[in-house]
There are 2 protein chains.
Amino acid sequence: MTEKFVYDFNEGNKDMRTLLGGKGANLAEMTNLKIRVPYGFTVTTEACARFYLEDEKLWDSLKEEIREHVKTLEKVNDKKFGDNDNPLLVSVRSGAPISMPGMMDTILNLGLNDQAVLGLANLTDNERFAFDSYRRFIQMFADVAMGVEKNKFEEVLTNKKNEKGVELDTQLTAEDLKDVVKKYKVVYKQALGEEFPQDPAEQLEKAITAVFASWNNDRAILYRKLNDIDDKMGTAVNVQTMVFGNMGDDSGTGVAFSRNPATGENRLFGEYLMNAQGEDVVAGVRTPQEIKTLEEKMPEVYEEFSKTVKTLEDHYHDMQDLEFTIENKKLFLLQTRNGKRTAQAAVKVAVDMVHEGLIDEKTAITRIAPKDLDGLLHPTFKEDKLKEHEQIAQGLAASPGAASGKIAFSAKEAKQRAEKGEEVILVREETSPEDLEGMVSAKGILTARGGMTSHAAVVARGMGKCCVSGAHDLIVSEKDATVKVNGKTYGKDDVISIDGSTGKIYEGDIEKETPKLEGDFGEFMSWVDDIKEMKVRTNADSPRDVRQALTFGAEGIGLCRTEHMFFKEDRIFQVRKMILADDTQTREKALEKILPMQEDDFYQIYSLMQDKPVTVRLLDPPLHEFLPKGEYEIRLLAKDLDKSVAEVKARIAELQEVNPMLGFRGLRLCIAYPEIGRMQARAIMQAALHVKADGTNIRPEIMIPLAGDVKELAYVKNIITEEIEKVFEEKGDRVDYLLGTMIEIPRAALLADEIAEITDFFSFGTNDLTQMTYGFSRDDAGKFLKMYIDKGIFEKDPFQVLDQHGVGKLVENAVKLGREQNSKLHLGICGEHGGEPSTVKYLYNVGLDYVSCSPFRVPIAKLAAAQAVVEKENK
Amino acid sequence: MTEKFVYDFNEGNKDMRTLLGGKGANLAEMTNLKIRVPYGFTVTTEACARFYLEDEKLWDSLKEEIREHVKTLEKVNDKKFGDNDNPLLVSVRSGAPISMPGMMDTILNLGLNDQAVLGLANLTDNERFAFDSYRRFIQMFADVAMGVEKNKFEEVLTNKKNEKGVELDTQLTAEDLKDVVKKYKVVYKQALGEEFPQDPAEQLEKAITAVFASWNNDRAILYRKLNDIDDKMGTAVNVQTMVFGNMGDDSGTGVAFSRNPATGENRLFGEYLMNAQGEDVVAGVRTPQEIKTLEEKMPEVYEEFSKTVKTLEDHYHDMQDLEFTIENKKLFLLQTRNGKRTAQAAVKVAVDMVHEGLIDEKTAITRIAPKDLDGLLHPTFKEDKLKEHEQIAQGLAASPGAASGKIAFSAKEAKQRAEKGEEVILVREETSPEDLEGMVSAKGILTARGGMTSHAAVVARGMGKCCVSGAHDLIVSEKDATVKVNGKTYGKDDVISIDGSTGKIYEGDIEKETPKLEGDFGEFMSWVDDIKEMKVRTNADSPRDVRQALTFGAEGIGLCRTEHMFFKEDRIFQVRKMILADDTQTREKALEKILPMQEDDFYQIYSLMQDKPVTVRLLDPPLHEFLPKGEYEIRLLAKDLDKSVAEVKARIAELQEVNPMLGFRGLRLCIAYPEIGRMQARAIMQAALHVKADGTNIRPEIMIPLAGDVKELAYVKNIITEEIEKVFEEKGDRVDYLLGTMIEIPRAALLADEIAEITDFFSFGTNDLTQMTYGFSRDDAGKFLKMYIDKGIFEKDPFQVLDQHGVGKLVENAVKLGREQNSKLHLGICGEHGGEPSTVKYLYNVGLDYVSCSPFRVPIAKLAAAQAVVEKENK
């Protein structure tokens, strides 16, 4: 670790974000680009790390280093900290290496004290401005650095406004504000038992301490957990000369994106407020104006801003998210960073930039997190259904998608009701960081206030969650649990629908549909297909699923579960008859009835898939899953079977198991009842010969589930291949086929070389593999897994994200042993992890040939697979 | 493979048993020792292996080799195959490298044909003898070599006896037997469509083929499976000049042991029949005479035999099992081998031989298979209870032990009833190899006929199963399902008790008791203790178990399950109250009530164990196991708890799990309810401080179950150690303790290095490890595991014998990673495999410090551990 903990802006650059944080690195970069940035310095993330080793205190040498950089700042600005005539004021902001909006705290106007406020008044010839700044500073400092409740100050301000009979802060005079400052200092002393610090150096040290400390506040920790950000990364602190957007009507402040963050449209996009400081825009307290109106108001400033934005976008090769302040018609850039955007925007920006020659295709496909594609695959309202529903209000299209649900009025309520399985829309006046968990739980978010860059909008886009913000007609009362709009009142049990792509709000639940891969998204995905090496298949059991998956670009079926077919209403009776059969003959008779139905299932699926590979898994679940549970159904079944109710119940009881997960299922069924396996093998092959006769080139893949030992697998393989040869002989024709197994039992992974000797492929069943490797029943682990995550014992749910550390050892072992034994071995995964981006990347590096996932995750898996290639190349 | 497939007896020796089989090698050895053995040759096991590669046919060059050895035999004996005057007759017997009594087939008198029978008659001047031999040969050859049913011949013989009005075979004249021979040949032709072969060379080839083929008959396969004999080993065939025990009243045949195979007493033990061939003795058709009566009858022969036996025992350094024939007062040895013996005899022989200077202690302890010790640990009837039961008959004390059960009249019935959980005694006129499975299933075996070397007696001793044979007073009718004795009749539902150590048979079920390690057994076990390196602990939860285990020499407790304590009647209420508690406070109150009881449990166990190590496992099973199931009990509980029945039921339902094996149990409980872990830690330590105050040197070992991740383990460790420190502080005293975990989840085995970093010991929980590695629920696998073994997919039940191949990989990995990380790591096993001999040996070689098993298996595990040391040294 270097002993240098503080960097002036001209000492850094954009590549130093690990040390300087994103904001600091970009401020340095802009400084180097000669863009007008208020000068300052950055206290590094290494200082933050050291801070936690020093019992959360600043140590002497750091304080000294900071003081020296303050001197430089004084020199550059020709101002002095706490000066009577020309005081230096600074902002203190956090800036972690990875952007964490709304999570960290900021202090403005630092340096003001009873002397400096006069100096500021003199300097600006604006006493009102000076005292307004001072009272803001006291309040913010007390709140952020010292933990004093904001309300206590708000109360003083409100009292003053009431006393003066005015509504807006701006209507208070300098004298009013002087009084407010006096009272603020009293509040401060009452709350903390000490005077408000007059020494700017002390103010600065306390502010830096507060920023470092805020790295570990609950919201920051939660945000990092949600976004997979390393807790050890730490934040930097940027200390920057203040410029004032609140210095009068020639001043203002705003935020902007170089392109539209919701749609990706290549047009400056943003908002600003005149006579305001930065926080006012983001906080959504006053509704800001669109950036284009600035063109009329201050054409030169707008011109300069537009040029600067273009410069920055060209320089960063990415869409920029900027903060700016206009101080007396002079433009200052306070921040630039790669802008967060919706998935739709990300795709459009990436595609446009490739067309504009700004980036290449490989860069383009890294510009969107795979899981964010989810937003593009989310349902939209069906056009024809929309007409049937009354639009009740209009808001801003803050984050695209469509959602319906009952109304929840607080984050806590949203969370609790969602946990009980309710679908809710979180409806708030405006959201704040405290609402984060509720936003995660809700199907969609609707706010009455705030713009496109309000907290709700920014966070919802980050999550890929549908959001409508700034629907001003809504009157939301958390206390009464009502939303009033145009004379109507909606409560907890009313269902509303929101469209985050249009900003429209509707009554009732509206049917949705899923988009297709067309236009920019289609082009983007074609690049993904070109770049990725691993195939992406889908798990699909029905023609409907197959069609959906093909729409999303599935390159095969990695898991066709035959048991889902067994459950169909018209065949469950035969299945039950088969299970309850007393002897092989009766069982075979029932199976004969099932055969043509299964054959037809496969025929339809093959016909849709054409020459794409289809992996069919033989019957897997315990037989008792197919049997009726209710008394009435049992009676019916008994009657149909001409058996007594007692007999049927006895057989059902006999099939019950203590731990069905580890019981009589998978290939164990086929060993006990080879006739089931034979029927399935026959159905698979007869259907294959049928589509072959139709002219399709087909090579079915038969997958035997739950093998743990090569001998049991050989036993089943023998049953299956014998039947297949029989079919070929009977039909006088044959097709090539593969025969493989799932690797889902730890023992199979440990002894994969033996298993590879008699199989053509492995498909990792990581659901079961995770269950057995951890000893976690997925049906039961809900209770304690949540507890493990809450208590910080586990970072992630291993059923969501593959445990590369433990379960991965088995996967890697099986890949190694399997390939060593059988170099032609084809390797895939069909557990649900197959659609989880980090797992997909991991599996690419492990050397799998394909992943298989649910139809809706196919594009996500593809993108992850393509990014894995690029990441490997860039390593 | 050498091209020599046939060895004359003077070409081999006792160390060639793999090639020549046990019988062949010993015949060669006796030949070399100049003991009188009818000369012959051996066709090797390699020929048997080749036989199976040649489509179960003898190939030309082998036939040629056999013919040449027959020529040598003719020369040595100065006889000729099929000769009119002086024909060579041979016996053909199987002889595998490992003795398989009753499993393989034998043909005597081979070489007889229509000519040779006359030659034999001339030579012996005994026409009756010659034709009796011929008819025996035809029958045996037809049955064994050609698969013709024996009954068809028996019928001819019976008809002839009826016709002549005689009862015994011996009463038939030469003429009668000539006629029988004629009719036998007709039967033979009718059955097979060809004449009985007259060419002795053809007879011999067919006989050898039959012996090789019998290697794979069902009985042989079952015997090998039961005795862990490799199927690929094959059998040799011994072709030996016939000598005749049935040549008149100066001839005879018998079997003997150099010491008593039931008790080990050092005195010649055996039986013989005059004027009989060998098979007559073993088959139990006629009841033979005790060997000592031979001393009076033929003192010189007896003298020679006694000396020969002594010579052989001294030569082999082990108790011998011999077959002999006396032909016209001339003694021939037909076989010698190390004799099978009861566990009791094995111990006594081994101890005696050490005292006699024949063998050393390390050899002595290899002289009994560990699992056979089970016989010594079997219960005997309680002396005082015996008086209350009527003795109904007396038989031979064929295999020691005591057993009670209902009567089963056939092997099949015994098997079926035992599978349903009944305890049965198999009662038969006499057993035959077909009864093997029924004998395995029965608690004990009782026969009305046959001696100490009858099939029933030999097989039962081999199994370590209680057997009374030759209880002549019994009239057993399988058809009527009755046993009549002294006017009383017993049926299927009557319970009898048999004492295999006294031969006595009783009415009713008699209470049993377990023997102690005293006398020879005590001395034997003291050598075992000296030789073995691995410690043997016990799994024990109650003072009663602990006392039992100490009696059997347990060196510590490897698994003290605290949950068994929870089930005790006086505390289950508090446990249930604790589980149903709505909040931590109520739970803690219930735990406070349990604390003193648990503390007392531990205090009592520690007091018994003194300074021996005690590993206490924290609560492991799912909580719902403690809750009542019945409506009535639930009502009672609800009332006691002042809750509604519905509330109690709801809580019970909430705790139900789909797969409890993989559910909310083990250390997961302690993470959810740290107060349970704290209570247990406190009880363990307060009890330890108590015994320390009593003056005992104690170091408790606390075992945390079901860890799969180092972080969860650390979390629990922290809870436990904090509480322990509290106890130490409160009591002002401390004890040293170890804190470890079970390795029973595959993930823990995979990541054992991480886990070893924070633990003092691992105890392999191979029950659960096997369940999860195979994906087999032990509660449910019964159904399909049996099927797997029946179908030959698995050789052994992996819950009985540790799967070294698969589960062993995890164990070895954990040992390696664990020791690399923490060189002081103490390693043991507490799964039930810890008492299984082959597993114990394996674990010694893997490097474990101890095994822990049920009290009754402690001596078995110790012996296996000692043998592992000797086997390693001898490698």
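Predicted model: local features only at pLDDT ≥ 70, side-chain atom pairs only at ≥ 80, totals over all residues.

Reader: How many helices and strands does chain A have, and what percentage of its residues count as buried?

Author: The C-alpha trace of chain A spans about 105 × 60 × 50 Å along its principal axes. Its secondary structure comprises 36 helices and 33 strands. Among contacts with a separation of 6 or more, 69% join residues 24 or more positions apart. Of the 875 residues in chain A, the share that counts as buried is 59%.

Reader: Which strands of chain A pair with S29(A), and in which sense?

Author: Strand S28 (residues 614–617) of chain A pairs with S29(A) over 3 bridges, and here Arg617(A) stands opposite Met703(A). Strand S30 (residues 738–743) of chain A pairs with S29(A) over 4 bridges, with Leu739(A) as the bridge partner of Ile702(A). The partners of S29(A) therefore include S28(A), paired in the parallel sense, and S30(A), also paired in the parallel sense.

Reader: Are the residues of strand S29 (residues 701–704) of chain A buried or exposed, and which of them point one way and which the other?

Author: Glu701(A) and Met703(A) point one way from S29(A). Ile702(A) and Ile704(A) point the other way. On both sides, these four residues are buried.

Reader: What area do chain B and chain A bury between them?

Author: The size of an interface is often given as the accessible area lost when the parts come together. Here 49 residues of chain B are in contact with 49 residues of chain A. In chain B, Leu662(B), Arg747(B) and Ile793(B) lose the most area to chain A, together 14% of what that side buries. Carbon and sulfur atoms carry 58% of the total, which is about 4,400 Å².

Reader: How many salt bridges does the rule find across the interface of chain B and chain A?

Author: One of the salt bridges joins Asp803(B) to Arg747(A). The closest N and O atoms of this pair are 2.6 Å apart, and the pair qualifies because the cut-off is 4 Å. Across the whole interface, the number of salt bridges found is 4.

Reader: Which helix gives the most residues to the side of chain B that touches chain A?

Author: Between chain B and chain A, 30 residue pairs are in polar contact. The elements that give two or more residues to this side of chain B include helix H29 (710–731), helix H33 (778–790) and helix H34 (807–821). The residues of this side divide into 24 nonpolar, 10 polar and 15 charged. With 6 residues, the element that gives the most is H33(B).

Reader: Why does Gln320(B) count as buried, and which side chain is joined to its own by a polar contact of 2.8 Å?

Author: Gln320(B) lies in strand S11 (residues 320–327) of chain B and counts as buried because its relative accessibility is 0%. A polar atom of its side chain lies 3.1 Å from the backbone oxygen of Asp318(B). Beyond its neighbours within four places in sequence, Gln320(B) is in contact with residues including Phe257(B), Leu312(B) and Arg337(B). The polar contact of 2.8 Å between side chains joins Gln320(B) to Asn338(B).

Reader: Where is Thr342(B) placed, and why does this residue count as buried?

Author: Thr342(B) is in the loop between strand S12 (330–338) and helix H13 (343–355) of chain B. Leaving aside neighbours within four places in sequence, its contacts are Pro261(B), Ala262(B), Thr263(B), Pro400(B) and Arg461(B). Thr342(B) counts as buried because the limit is under 20% relative accessible area and its relative accessibility is 2%.

Technical notes: Residues numbered from 1 in each chain as written. Chains lettered and ligands numbered in written order. Heavy atoms only, no water. Contact = heavy atoms within 4.5 Å. Buried area = accessible area lost by both parts, 1.4 Å probe. Salt bridge = Lys/Arg side-chain N within 4 Å of Asp/Glu carboxyl O. Polar contact = N/O pair within 3.5 Å; in protein donor to acceptor, adjacent residues only side chain to side chain. Nonpolar A, V, L, I, M, F, W, Y, C, P; charged D, E, K, R; others polar. Buried < 20%, exposed > 50% of the residue type's maximum accessible area, 1.4 Å probe, protein only. Pairing = 2+ DSSP bridges.
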